[in-house]
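These are my notes from going through one model by hand.

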Amino acid sequence: MIPQGVDGGPQVVQMYRDMFKPSPTLPKPRENVGVSVVCAETQEQAEGLAWSLRMWRLQRFTGARRGGVPSVEKALSYPYTPAQKQFLATMEGRFIYGDPKRVKERLLALGEEYGTDDFVI
């Protein structure tokens, strides 16, 4: 499994395919892409939920776990430092959020980029 947003991810998958040696239990290469997805009825709702996920990831990364996933309101009103904003910006490419149409489009594009239709969500 290759997480989405990893630099060179599609190239790593291609290298795996190129170097793959078939075996009796695995006759052809199998790959999938790991991606976090936030899907909501509207794009606006998904963006709010995505901020909740961002803040939770930030807390997890910094060891500041405080009572689980924060509410959308708390995540949106939190006074992020410049360093925290920079960290969140680097994480942005590692998840997909949006309404069902946008999420589907992004997953299909990701599948094309990696040459797979197998995802760990």
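Entry 1, strands. I looked up how strand E3 (residues 36-39) is joined to E4 in this predicted model. The two strands run parallel, and 4 bridges join them. Next I asked whether the faces of strand E4 (residues 95-98) are covered or open. Both faces are covered. Phe95 and Tyr97 lie on one side, Ile96 and Gly98 lie on the other, and all of them are buried.

I listed the largest nonpolar core and got 8 residues: Val13, Val33, Val35, Ile96, Val103, Leu107, Leu110 and Tyr114. Which helix gives the most to this core? Helix H5 (residues 100-114) does, with 4 residues. Leaving out residues up to four places away in sequence, Val103 touches Val37, Val38, Cys39, Ile96, Tyr97 and Gly98. I also noted a second, separate core of 7 residues, which includes Leu58, Ala75, Leu88 and Met91.

I counted the aromatic pairs and the total came to 5. One of them is Trp51 with Tyr80, at 5.5 Å centre to centre and 40° between the planes, which is a tilted pair. Where do the two partners lie? Trp51 is in helix H2 (residues 43-62), and Tyr80 is in the loop between helix H3 (72-77) and helix H4 (82-91), so the pair ties together parts that are 29 residues apart in sequence. I checked accessibility for both. Trp51 has a relative accessible area of 30% and is therefore partly exposed. Tyr80, at 12% relative accessibility, counts as buried because the cut-off is under 20%.

I then took Phe95 and Tyr97 from strand E4. Their ring centres are 5.6 Å apart and their planes stand at 40°, so I logged this pair as tilted. Phe95 and Tyr97 are both buried. Back at Trp51, I noted that ring pairs link Trp51, Tyr78 and Tyr80 into a cluster.

Arg54 lies over the face of Trp51, 4.4 Å from the ring centre. Arg102 has its charged end over the ring of Tyr97, at 5.9 Å from the centre.

I found Ala46 in helix H2.

I placed Glu31 in the loop between helix H1 (9-19) and strand E2 (33-34). The relative accessible area of Glu31 is 16%, so this residue is buried. What does the side chain of Glu31 make a polar contact with? The partner is the side chain of Arg17, at 3.3 Å. Not counting residues up to four places away in sequence, Glu31 touches Val13, Tyr16, Arg17, Gly115, Thr116 and Asp118.

Note on methods
Residues numbered from 1 in each chain as written. Predicted model: local features only at pLDDT ≥ 70, side-chain atom pairs only at ≥ 80, totals over all residues. Heavy atoms only, no water. Buried < 20%, exposed > 50% of the residue type's maximum accessible area, 1.4 Å probe, protein only. Polar contact = N/O pair within 3.5 Å; in protein donor to acceptor, adjacent residues only side chain to side chain. Contact = heavy atoms within 4.5 Å. Pairing = 2+ DSSP bridges. Core = buried A, V, L, I, M, F, W, Y, C linked by side-chain atoms within 4.5 Å. Phe/Tyr/Trp six-rings, centres within 6.5 Å; stacked < 30°, edge-to-face > 60°. Lys NZ or Arg CZ within 6 Å of the ring centre and 35° of its normal.
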